[in-house]
Amino acid sequence: MEYSMDIFMRQWWHDPRFKNNYSKPFNMAADPTKLFWTPDTYFWNVKDATYHHVTRENMRVKISPDGEIYYSTRITLTAQCDMDLHLYPMDTQYCPLIIESYAYTTADVDYRWKGGEDQGIEIVSAEMAQFDLTGVKTRTKSQTNSKGSFASLTAEFSFRRRTESFVSAIFVPAVVLVVLSWCCFFISPAAVPARVALSITTILTSILLKGNVNRDMPKVSYMKAVDYFLLTSFGFIFAALIEFIIVLNTDPVFSLPSWCKRGEKMDSKKEIAMECEAHSRGSVDLIVQVMDEGVCRIRNNKGNIKLKPQPKQQLPATPQEVTKPKVHWIDRLSRFIFPTCYVTFLVAYTIYYGVLREENDANENVVD
């Protein structure tokens, strides 16, 4: 990942060879690197840099009578920044700009911030499209390697991402797609093409939205906060399609499971058997019980068979035509469960990542 900025780099150093008797400093607009010695300052983490030459070199050199040299130039930089996108788009990035001498060690050239650590950076314009510049911190240290110890200046810029544009471009469309998928619960199960078309449309639109979000993002190997939100929203949309498949394969009226009905049938058979035993007498040598259609068959010692019909239970009068309910009981239940679960997710998501963002900023301030 990288970031770009336009800077006015100013350097001061003393060179006794430039002491003179003039009462005023000498100014010129020229490239001093072609005229005399200048520090070999370079940016350690810069990937690309450009000097400005319109209408001529954007450089200024001022030589004071005591030999102090002031050198200013305008440079456009593209620097590397190791961004952490776990909280994207609610993240805060801390991007450094490291300045060192390329060839001279601390024994030859030593770098210090002009005016102290708190006054080394002046912000001319902090207006950006997606970020707010929350602060700049400077520090001085020495980088040591096999070639020696080199003075190093570091300026760390804190960029807090603005979330307003992402709310309107990502979060609101995702929520609208989820709510649109709930319209299937208010469409009759008989309208299969309408419900399937609505579910497929919302699914494909959700996939397209996720692809557009990650199209311009750096390729990272971990999940971002926006990915969790979009995947959860996609899960709710897909669950609405699965709910319709269940509706098509279940009875519109809620009924008890089959194992409960089997228990009721066994109880009725036991009642019939008890009635048959009540009709039997001591002269009967064999009792044959048939629990079928409420008939008790009894054979006595003479071989005669008596059939004693058992009174059937009077069933409640039902209309000849049973009208099916207009709303499936699963659809009626989904109208309450889906919105409740999704609103709970939205509240938990907002609170969790809001607290995580504040803790991340507080920890960064403590470290510094």
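The charged end of K114 sits over the ring of W12, 5.0 Å from its centre, and K62 places its charged end over the ring of Y70 at 5.6 Å from the centre; a charge sits over a ring when NZ of Lys or CZ of Arg is within 6 Å of the ring centre and within 35 degrees of the ring normal. This is a predicted model, in which local features need pLDDT of at least 70 and side-chain atom pairs count only at pLDDT 80 or more, while totals for chains, interfaces and linings use all residues. Residues are numbered from 1 along each chain as its sequence is written, and side-chain values use heavy atoms, with hydrogens and water left out.

The whole structure holds 21 aromatic pairs. In one of them, the rings of F229 and Y349 have centres 5.2 Å apart and planes at 55°, so the pair is tilted (rings of Phe, Tyr and Trp, the last by its six-membered ring, pair if their centres lie within 6.5 Å; planes under 30 degrees apart count as stacked, over 60 as edge-to-face and the rest as tilted). Because F229 lies in helix α3 (residues 225–248) and Y349 in helix α5 (residues 329–367), this pair ties together parts that are 120 residues apart in sequence; helices are DSSP runs of H or I with at least four residues, numbered from the N terminus. F229 counts as buried at 2% relative accessibility, and Y349 does at 9%, where buried means under 20% relative accessible area with a 1.4 Å probe and protein chains only.

Ring pairs link F171, W182, F229, F236, Y342, F345, Y349, Y352 and Y353 into a cluster.

Definitions and conventions:
Helix = DSSP H or I, 4+ residues; strand = E, 2+ residues; numbered from the N terminus. Buried < 20%, exposed > 50% of the residue type's maximum accessible area, 1.4 Å probe, protein only.
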